[in-house]
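Here are my notes after a look through this one. Have the viewer open while you read.

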Amino acid sequence: MATPVVPILYGSQSVPISGEAPNAELERSTSESTHNWKVYVQCPCEKDITKVVRKVVFKLHESFENPNRTCAAPPYEVSESGWGEFEINIKIYFVDQKEKPISFYHLLKLYPVEGLQGSGATVLKDGALYSEFYDEIVFRNESAMMNAALHAFAASGPDDLVHGVTDYAKMERDQLASIKNAELRLNTMIAEFRDKQSSLVALVNKHNPEE
């Protein structure tokens, strides 16, 4: 039986302080701040991620008081306020403490970036700016304890992606359409190249007839 993978969503949500925050957790804490924001890790489907995740640690910029924030239970998120964008280190620890934690970075976004589409793009929704990524944690040679936890996670709920701001079905359709369009363009280029090659061969043969 194949080892189940663990899908995750990670990202950030930010709201200009001049606007109205979409939830009560994001409140202004300092007069110098321009945005309220939160960074998070969650399961995109209705499965119990605590079956495999023991805790999540977020390492903020050193200018924040207590920059290392530990979340021992969902929601795995940290809410703050500030004025600058910076990289946040995220480390996920597993129920089997012998399993090496995974570590990655997320760039906190306070301002939209034009021209980006798909997972990780900035998305405006209900006055908030989201920068969100989808990923899957894949285990290799895991312990019996971790394998049992992964199968318990897989059985804890349906696979449908219901959380997050990214429209994954649309993203998949757009990517497939993009691949098909690229294939058509490539086939057209190949046909044009072959036509030019045939014309060049005919021209060379015309000027250099065989004796």
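The points below go through the strands and then the core.

1. First, a reminder that this is a predicted model, so read every point here as a description of a prediction.

2. Start with the open sheet. Four strands make it up, in the order S4-S3-S6-S7, and the pairing is antiparallel. At the edges sit strand S4 (68–71) and strand S7 (102–107), each of which pairs on one side only. On average, neighbouring strands of this sheet are turned by 20 degrees against each other, direction ignored.

3. Now zoom in on one pair from that sheet. Strand S6 (residues 87–94) and S7 run antiparallel and are joined by six bridges.

4. Another pair to look at is S2 with S5. Seven bridges join strand S2 (residues 35–42) to S5, again antiparallel, and lysine 38 stands opposite serine 79 in S5. Strand S5 (residues 76–82) is mostly covered, with six of its seven residues buried.

5. On to the largest nonpolar core, which counts 32 residues. Trp37, Val52, Phe58, Ile88, Ile90 and Ile92 have the most contacts inside it. Strand S1 (6–16), S2, strand S3 (53–59), S5, S6 and helix H1 (144–154) each put in at least two residues of this core. As background, nonpolar side chains in soluble globular proteins tend to be buried together.

6. What does isoleucine 92 touch, leaving out residues up to four places away in sequence? The list for isoleucine 92 is Ile8, Val41, Val53, Lys55, Val56, Pro101, Ile102, Phe104 and Ile137.

How values were computed: Residues numbered from 1 in each chain as written. Predicted model: local features only at pLDDT ≥ 70, side-chain atom pairs only at ≥ 80, totals over all residues. Heavy atoms only, no water. Pairing = 2+ DSSP bridges. Axes fitted to C-alpha atoms, helices over the stretch in contact; angles between N-to-C directions. Buried < 20%, exposed > 50% of the residue type's maximum accessible area, 1.4 Å probe, protein only. Core = buried A, V, L, I, M, F, W, Y, C linked by side-chain atoms within 4.5 Å. Contact = heavy atoms within 4.5 Å.
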